[in-house]
Amino acid sequence: YYRVGTGSSSYDKLTDYSKFLEYERKIEYSTHRWVEDYRKLLELVSSCDGCKAVIEAEILFKETYLYLLHGYFNCSYEVKIPSYPSLAFKCIKCLIKKEIPLSEFMFRLAMISLPLIFGKRRGAEFYLKKKFKRYSENE
């Protein structure tokens with residue numbers, strides 16, 4: 001099976017930070033489900049190297065997002081998220097295999113390093129405030 005759709009998660013005309021956090025919480029909830037789905041999909045396409053590379057990169061993107069926000073929203077359903085060294089190794093592996101560009105590698109490595117630099121809660125808040133600022137300026 002494969003889950004499709006998440007409901008409303010649009011950032012359109014967002015000016016209220018608390019509303020932004022509500023949308024972000026919904027997206028995090030959905031991302032936990034997506035990671036589970038991608039992992040199951042990865043098992044189904046184990047013989048297709050091209051398919052595996054795309055799915056592994058997508059799993060990495062979702063896992064880095066979840067690693068950064070882990071515990072911030074207290075989701076009722078959470079998938080198991082790899083540790084920092086495991087995620088860093090996955091990033092390096094994807095870079096070496098040329099599944100992600102250097103700029104994406106640096107961004108992902110910076111994302112998973114935020115909790116180590118600022119602490120779990122402050123690292124997530126730093127990321128969310130930057131993201132909110134980016135979306136509110138683009139209106």
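**View 1. Tyr-17, Phe-20 and Phe-132 form a cluster linked by ring pairs.** Rings of Phe, Tyr and Trp (its six-membered ring) pair if their centres lie within 6.5 Å; planes under 30 degrees apart count as stacked, over 60 as edge-to-face and the rest as tilted. This is a predicted model, in which local features need pLDDT of at least 70 and side-chain atom pairs pLDDT 80 or more, while totals for chains, interfaces and linings use all residues. Residues are numbered from 1 along each chain as its sequence is written, and side-chain values use heavy atoms, leaving out hydrogens and water. The whole structure holds seven aromatic pairs. In one of them, the ring centres of Tyr-17 and Phe-20 are 5.9 Å apart with planes at 25°, so this pair is stacked. Tyr-17 is partly exposed at 24% relative accessibility, whereas Phe-20 is buried at 0% (buried is under 20% relative accessible area, exposed over 50%, partly exposed in between, with a 1.4 Å probe and protein chains only).

View 2. Helices here are DSSP runs (H or I, at least four residues), numbered from the N terminus. The ring centres of Tyr-67 and Tyr-84 lie 6.5 Å apart and the planes stand at 45°, so the pair is tilted. Tyr-67 is buried, with a relative accessible area of 16%, and Tyr-84 is partly exposed at 24%.

**View 3. Helix α3 spans residues 84-96.** Its buried residues are Leu-87, Ala-88, Cys-91 and Cys-94. Just after α3, look for Lys-98, with a positive phi of about 60°.

**View 4. The largest nonpolar core has 28 residues.** Such a core is a set of buried Ala, Val, Leu, Ile, Met, Phe, Trp, Tyr and Cys residues joined through side-chain atoms within 4.5 Å. Tyr-65, Leu-69, Tyr-127 and Leu-128 touch the most other members. Helix α2 gives the largest share, seven residues. Leaving aside residues up to four places away in sequence, Leu-128 touches Tyr-17, Phe-20, Leu-21, Glu-24, Leu-69, Tyr-72 and Phe-73.

Definitions and conventions. Helices (H or I, at least four residues) and strands (E, at least two) are DSSP runs, numbered from the N terminus. The expected span of a helix is 1.5 Å times one less than its number of residues. Contact means heavy atoms within 4.5 Å.
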